[in-house]
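Student: Could you take one part of this model and go through it closely, explaining each term as you use it?
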Amino acid sequence: MEETIKDPPTSAVLLDHCHFSQVIFNSVEKFYTPGGDVTCHYTFTQHFIPRRKDWIGIFRCSLNQTIQLLITPDTGSIWHQVGWKTTREYYTFMWVTLPIDLNNKSAKQQEVQFKAYYLPKDDEYYQFCYVDEDGVVRGASIPFQFRPENEEDILVVTTQGEVEEIEQHNKELCKENQELKDSCVSLQKQNSDMQAELQKKQEELETLQSINKKLELKVKEQKDYWETELLQLKEQNQKMSSENEKMGIRVDQLQAQLSTQEKEMEKLVQGDQDKTEQLEQLKKENDHLFLSLTEQRKDQKKLEQTVEQMKQNETTAMKKQQELMDENFDLSKRLSENKIICNALQREKERLEGENDLLKRENSRLLSYMGLDFNSLPYQVPTSDEGGAGQNPGLAYGNPYSGIQESSSPSPLSIKKCPICKADDICDHTLEQQQMQPLCLNCPICDKIFPATEKQIFEDHVFCHSL
């Protein structure tokens with residue numbers, strides 16, 4: 001027997017839910033000789049359509065249990081044995097061969113051959129059952145046995161009473177047969193009603209298919225619409241990126257202007273009037289910055305409104321998608337991309353807010369920086385005692401920053417000649433350099449000048465002289 005490794009499809013469906021009259025088994029013997037192959041003949045009914053994973057199994061049955069007999073006018077007797085409960089209790093099986101043309105009458109009559117090696121070896125009663133790929137029984141044969149033929153004739157002797165009893169039993173069987181025929185007619189009528197209902201369902205199915213096609217067209221149109229919306233959003237994103245680049249250029253320009261103003265402030269520290277004018281100019285620039293920030297906040301509000309509108313559009317799209325087709329994964333993917341764009345825009349907004357905060361802090365720092373006098377600068381180092389009394393005796397090479405402290409309070413020995421007028425005393429040029437000193441750091445050893453913002457580099461430079 002050519003069985004596949006994979007088990008046939010079965011189910012735990014009870015026998016009351018099966019349809020035993022859709023496949024008829026023909027020419028079933030009462031017993032088969034052990035050791036030989038068995039050919040099973042069967043016929044499909046008019047409305048039954050076989051499928052690829054249908055199979056025929058041999059099931060063990062018991063004659064001690066109830067046997068139901070179904071009678072049809074055109075096919076004769078159809079047996080249903082109740083010795084087993086589910087299709088999982090098969091002894092062996094063979095796959096069904098699908099006919100090429102079901103409309104051909106000869107295609108309705110099929111057969112399958114069971115090899116002797118796989119057949120039962122005992123003399124219990126068995127029956128053929130046709131099971132579809134859903135594990136539902138569609139036909140069952142009369143019971144049969146696997147035993148050798150008896151060569152001796154059996155003589156049956158009965159009495160007159162037994163004959164009468166047998167006749168009475170035959171009459172009862174005939175009566176029961178007639179009742180079953182009437183029941184069969186009723187079943188045929190129900191079958192015709194079911195066929196009409198099936199035709200009606202098929203028409204409804206065709207209607208639903210046409211509606212489905214219309215819905216698919218609507219979904220395609222909606223998809224095209226959202227693609228257009230996505231392109232528009234991308235263009236808006238590009239515009240926002242270009243605006244952000246412009247804002248960055250503007251910030252660079254403002255920083256350059258602030259740098260120029262710092263240089264001008266270094267030249268105009270001596271006069272209060274010039275200082276006041278410079279502060280007024282900075283205030284005006286601050287107002288411009290505030291106006292720019294206000295415009296940027298308006299742009300941010302517009303961006304938030306755009307994001308909110310996108311969220312509302314996304315919610316509407318999700319509702320339409322649920323109503324049209326729950327399985328439309330492609331449209332869900334598009335909506336997910338819109339969510340990603342919204343999140344990117346939100347992150348861009350947060351980044352712009354961070355830049356705004358940085359500009360605010362930078363502006364506050366500049367204002368506070370311009371409002372402090374010489375003695376309150378954060379990089380000014382307090383003066384040390386004369387003769388190096390402030391040095392730490394625990395340092396092997398002395399304090400590397402002692403030159404900084406000495407330079408902040410110069411002694412008469414450390415005063416050098418003015419490089420402009422060559423005067424030994426303190427002149428106007430020297431005073432101007434001392435007033436500009438908070439904005440720069442002068443090395444006490446090699447007279448190298450460092451900007452005040454490079455304090456760490458200046459300290460490392462002084463430390464290198466002590467090595």
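Tutor: Strands here are DSSP runs of E with at least two residues, and helices are runs of H or I with at least four, both numbered from the N terminus; two strands pair if DSSP finds at least two bridges between them. The model is predicted, so local features need pLDDT of at least 70 and side-chain atom pairs count only at pLDDT 80 or more, whereas totals for chains, interfaces and linings use all residues. Residues are numbered from 1 along each chain as its sequence is written, and side-chain values use heavy atoms, with hydrogens and water left out.

The sheet is open, with three strands in the order β1-β3-β8 and antiparallel pairing. Because β1 (23-26) and β8 (109-114) stand at the edges with a single partner strand each, one side of each is left without a neighbour in the sheet. From one strand to the next the twist averages 30 degrees, an angle taken between N-to-C directions on a scale from 0 to 180 degrees, with axes as lines fitted to C-alpha atoms, for helices over the stretch in contact. Between β1 and β3 (residues 38-44), the antiparallel pairing runs over four bridges, and V23 stands opposite F44 in β3.

Turning to the helices, the axes of α1 and α2 come within 12 Å and cross at roughly 165 degrees. That makes α1 roughly antiparallel to α2, a term for angles over 145 degrees. The contact of α1 with α2 has 15 nonpolar, 10 polar and five charged residues, where Ala, Val, Leu, Ile, Met, Phe, Trp, Tyr, Cys and Pro count as nonpolar, Asp, Glu, Lys and Arg as charged, and the others, Gly among them, as polar.

α1 (160-267), α2 (272-324) and α3 (329-371) each supply at least two residues to the lining of the largest cavity, a cavity being a set of points on a 1 Å grid over the protein atoms alone where a 1.4 Å probe fits but cannot get out, and lining residues having an atom within 4 Å of a point. Its lining includes L258, M265, E285, L289, N363 and M370, and the lining residues divide into seven nonpolar, three polar and two charged.

Terms used:
1 Å grid on protein atoms, 1.4 Å probe; cavity = no way out; pocket = protein on both sides within 12 Å on 5 of 7 lines; lining within 4 Å. Parallel < 35°, antiparallel > 145°, perpendicular 65-115°, else oblique.
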